[in-house]
Amino acid sequence: MHCTKCTNNAVYINPTFCKQHFLLYIEKTVEKTIKRHSLIQKNDHIVVAVSGGKDSITLLYILNKLKPKLSFTLAALAIDEGIAGYRNKTLVTVNDFCKQHAISLNIVSYKDSFGKSLDKFLATTHKNTKPCTLCGAFRRTLLNKYARIYSASKLATGHNLDDESQAIIMNLLRGTPQLSARLGPQTGVIEDDLFVPRIKPLYFIPEKQIAAYSFLMKFNIEYGECPYVVQAYRGVIGELLNKYEQKHQDAKKNIINLFLKNKKKLMKLSIKHEKKVNYCNHCKEPSATAVCKTCVLLENKQYI
Amino acid sequence: MVHKMKILIERKNQIINLQFTGTVNGLLKKLNQNPEAVLVAVNNELVTNDCKLKNSDSVKILSVVSGG
């Protein structure tokens with residue numbers, strides 16, 4: 001099969017492009033998303049949450065490339081959860097990548113922040129807690145806190161079209177569609193000084209296209225996955241959506257588009273529930289409740 | 001000597017040696033792999049699912065699922 005823009009062999013179908021046109025297409029899509037959704041303004045300082053996986057490395061690479069054109073500054077922030085045999089490897093990728101592209105990098109660990117690695121929490125005090133529940137809450141807290149400490153005007157994450165369509169379906173199936181108001185290319189229902197706004201420049205790009213971009217760019221990435229991911233509900237939904245997409249092309253894109261059309265209605269619903277930001281009684285970080293989820297999960301609150 | 005295609009299924013870290021004639025799409029069906037969830041590289045080049053395979057090819061099936 002040939003590229004739809006030239007006579008070279010295609011490396012990807014739908015969109016059907018050769019290597020050169022495919023790479024250009026992905027970069028243009030990111031730029032278009034940033035401009036259309038006003039994700040980045042002139043003089044913004046963007047902190048990119050980076051794990052060393054294909055999504056965050058692709059995001060970091062493309063933002064670094066767009067930096068002079070869109071006049072913003074950039075730094076990377078990585079969270080070391082302490083997952084033996086997985087995160088230590090991906091952090092090597094992050095380190096090497098940031099060195100190679102002269103990007104400033106800070107690494108914050110669960111061990112330093114909360115006293116124990118994720119592995120240790122799950123093996124000792126939190127044996128019955130779902131890994132992603134614990135890890136997600138801790139990670140969200142640290143990303144917001146350290147993005148603020150490192151003077152970010154926006155925190156950019158590598159969420160892609162698959163992540164977002166999965167989240168929408170998960171919220172629907174759990175009977176909490178109002179939680180989807182927190183989703184979208186730029187997130188956060190209520191503004192607050194302690195909250196760093198989050199942006200998702202890869203929002204409209206499917207996971208498979210990001211994997212193809214990362215492969216073609218020869219980013220040195222291990223295509224492995226977190227050992228705890230098999231226990232995650234998200235994985236089940238992701239597999240279902242991929243099976244559905246196989247028969248009904250663009251299903252995931254249609255979920256996103258339908259959601260974006262109805263986001264304003266969802267936001268009205270959500271604001272009724274979340275009128276103002278509270279501050280956690282223990283750690284003083286912004287929270288929807290009197291004690292934030294991270295502090296509730298931490299049995300010993302002295303670590304915060 | 002009969003040539004067998006060398007296939008690496010990266011997610012399972014599994015190597016299969018197989019005699020196969022057909023396209024990438026046919027191979028994915030045979031191996032019960034969802035084309036939406038994988039990329040296929042033949043001799044280290046990314047290919048589309050209509051690509052015809054030879055038994056001398058070295059095939060990598062790469063999972064596209066996020067690492068977490």
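**Close-up views of a predicted model of chains A and B**

**View 1. The contact between chain B and chain A in the predicted model.** Chain B contributes 18 residues to the contact, and chain A contributes 27 residues. On the side of chain B that touches chain A, β4 (38-42) and β7 (58-63) of chain B each provide at least two residues. Sorted by class, this side of chain B holds 8 nonpolar, 7 polar and 3 charged residues.

**View 2. The open sheet of chain B, with helix α8 of chain A packed on the sheet.** The sheet has 5 strands, which run in the order β2-β1-β7-β4-β5 of chain B, and their pairing is mixed. At the edges are β2 (14-18) and β5 (45-46) of chain B; each has a single partner strand, so one side of each has no neighbour in the sheet. The pairing of β4(B) with β5(B) is antiparallel and spans 2 bridges. Within this region, B:A41 has B:L46 in β5(B) as its bridge partner. From chain A, helix α8 (residues 207-216) packs on the sheet and touches β4, β5 and β7 of chain B. The direction of α8 of chain A makes about 30° with that of β4(B).

**View 3. The crossing of helices α1 and α2 of chain A.** Helix α1 covers residues 19-36 of chain A and helix α2 covers residues 54-70 of chain A; their axes come within 11 Å and cross at roughly 55°. This angle makes α1(A) oblique to α2(A). The crossing of the pair α1(A) and α2(A) is right-handed. On α1(A), the contact is made by A:E27, A:V30, A:E31 and A:I34, and on α2(A) by A:I62, A:K65, A:L66 and A:L70. The residues of this contact between α1(A) and α2(A) comprise 5 nonpolar and 3 charged, with no polar ones.

**View 4. The crossing of helices α7 and α9 of chain A.** Here the axes of α7 (residues 161-173) and α9 (residues 233-247) of chain A come within 9 Å, with a crossing angle of roughly 105°. The helices α7(A) and α9(A) are therefore roughly perpendicular to each other. From α7(A), the residues A:D162, A:S165, A:Q166, A:I169 and A:M170 meet A:Y233, A:R234, A:I237, A:G238 and A:L241 of α9(A). By class, the contact of α7(A) with α9(A) consists of 5 nonpolar, 3 polar and 2 charged residues.

**View 5. The cis peptide bond between A:N14 and A:P15.** The bond from A:N14 to A:P15 is cis, and its omega is near 5°. A:P15 is located in the segment before α1 of chain A, and A:N14 lies in the segment before α1 of chain A. The phi of A:N14 is positive, about 55°, although A:N14 is not a glycine. A:N14 has 12 other C-beta atoms within 10 Å, so A:N14 is exposed.

**View 6. Positive phi at A:S151.** A:S151 is a residue other than glycine, and its phi is positive, near 60°. The residue A:S151 belongs to the loop between α6 (131-149) and β4 (154-156) of chain A. A:S151 is exposed, because 11 other C-beta atoms lie within 10 Å.

Notes. Residues numbered from 1 in each chain as written. Chains lettered and ligands numbered in written order. Predicted model: local features only at pLDDT ≥ 70, side-chain atom pairs only at ≥ 80, totals over all residues. Axes fitted to C-alpha atoms, helices over the stretch in contact; angles between N-to-C directions. Helix = DSSP H or I, 4+ residues; strand = E, 2+ residues; numbered from the N terminus. Parallel < 35°, antiparallel > 145°, perpendicular 65-115°, else oblique. Left-handed = near helix turned anticlockwise from the far one by under 90°. Contact = placed C-beta atoms within 7 Å. Nonpolar A, V, L, I, M, F, W, Y, C, P; charged D, E, K, R; others polar. Pairing = 2+ DSSP bridges. Buried ≥ 20, exposed ≤ 12 C-beta atoms within 10 Å, placed from the backbone.
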